[in-house]
Amino acid sequence: MNSTTRSLVCVLFVLAVMCASQGAPAQSPFDGTWHTNLAQSKISPKPNVFYLSQGWYHCVSCNPTYDAKADGTDQAVTGQSYDTVSVTEVDPKTISVTTKKTGKVVYEQTRSVSADGKTLTVKTTSHPMNSDQPITTDVTAKLVGPAPSGVHATSGAWAIDKIKQSDNGLDTTYKANGDELTMTEPSGESYTAKLDGTDAPFKGSYSTDAVSVKKIDAHTIEETDKRGGQVVEVDKMTVSANGKTMTVVATNKLTDRTSTYVSTKK
């Protein structure tokens, strides 16, 4: 309905409340709480690559890559969202990994390989910076290429096949207010940023400390996440015409992985 027709309707029906509402700002299609449906999402097929050999853990697909003694002690690393990592060989088919930031545990992880060596199961418990409620994630990954020899059985190139996560890691709430967008999550992560692409603080996250958001059109926003001044991820978020579905194309700029997540409004 164009503005002329809209004005005529107001005159004909003499509905003061209706006419007044025509000038009220429209609700943003992003407003509300969105729940990610991992079953409908498509995770990047690019494999994660690591190996454990002769008492050392090597994270090949990390950016920057790093090597750490696998003796169960905290080893210093740089350029990651954590500053120490400890790796322990639990048994010939299982390792455990714990990361910390300034002494606080970021996540605890167990990686186990199947009897045939082709499937890796990864169970992770993440500890958000600003919440005492951990987020649990279960991942299964398939071996890409031949299994490496002479190294721990969990070693290799692993492409994520399935992923499950606790609900407190799947909900995100957005609220637009004029030229600003506010994001909050149950994990305690949040930001309020102008929709003009300028940087704003990203709170409660180990992986991101600054964010910028830019409105592309009425249904699309581009979010850029940074850490230490470096871009770590770019997310293109698009809400469907009916306002019920959000599709997020997330590109990790450090690992060159692009995944597509589908969320529904609660």
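Trainee: Which strand does β2 pair with over four bridges?

Mentor: β2 pairs with strand β3 (residues 56-59), in the antiparallel sense. Strands are DSSP runs of E of at least two residues, helices are runs of H or I of at least four, and both are numbered from the N terminus. Two strands pair if DSSP finds at least two bridges between them. This is a predicted model, in which local features need pLDDT of at least 70 and side-chain atom pairs count only at pLDDT 80 or more, while totals for chains, interfaces and linings use all residues. Residues are numbered from 1 along each chain as its sequence is written, and side-chain values use heavy atoms, with hydrogens and water left out.

Trainee: What does the turn look like, and which residue is the bridge partner of Ser53?

Mentor: Two residues lie between β2 and β3 in this hairpin, and Gln54 in the turn has a positive phi of about 50°. The partner of Ser53 is Trp56 in β3.

Trainee: What about β2 and β11?

Mentor: Strand β2 (residues 48-53) pairs with β11 over three bridges, in the antiparallel sense. Asn48 has Trp158 as its bridge partner, and Val49 has Ala157.

Trainee: Which sheet do these strands belong to?

Mentor: They belong to an open antiparallel sheet of 10 strands, ordered β4-β3-β2-β11-β10-β9-β8-β7-β6-β5. β4 and β5 (75-76) are its edge strands, each pairing on one side only.

Trainee: And the other sheet?

Mentor: Another open sheet of 10 strands, with antiparallel pairing, runs β14-β13-β12-β1-β20-β19-β18-β17-β16-β15. Its edges are β14 (190-194) and β15 (200-201). β15 pairs with β16 (residues 210-217) in the antiparallel sense over two bridges, and Pro201 stands opposite Ala210 in β16.

Trainee: Changing topic: which residues have the most contacts inside the largest nonpolar core?

Mentor: They are Tyr57, Tyr66, Val85 and Val87, in a core of 24 residues. A nonpolar core is a set of buried Ala, Val, Leu, Ile, Met, Phe, Trp, Tyr and Cys residues joined through side-chain atoms within 4.5 Å. Buried means under 20% relative accessible area, exposed over 50%, and partly exposed in between, with a 1.4 Å probe and protein chains only. Among the elements giving two or more residues to this core are β2, β3, β4 (66-69) and β6 (84-91).

Trainee: What does Tyr66 touch?

Mentor: Leaving out residues up to four places away in sequence, Tyr66 touches Tyr57, His58, Cys59, Val77, Gln80, Tyr82 and Val85. Contact means heavy atoms within 4.5 Å. A second, separate core has 18 residues, including Phe30, Leu181, Met183 and Ala200.

Trainee: How much space lies in the second largest pocket?

Mentor: About 190 Å³. Of its 14 lining residues, Asp138, Thr140, Lys162, Ile163 and Lys164 are the closest to its centre. A pocket is an open set of points on a 1 Å grid over the protein atoms alone where a 1.4 Å probe fits, with protein on both sides within 12 Å along at least five of seven lines; lining residues have an atom within 4 Å of a point. Grid points are joined across faces, edges and corners, and the volume is the space filled by probe spheres set on the points.

Trainee: Which strand gives the most to that lining?

Mentor: β11 does, with five residues.

Trainee: And the chain overall?

Mentor: The protein chain has two helices and 20 strands. Buried residues make up 39% of its 266 residues.
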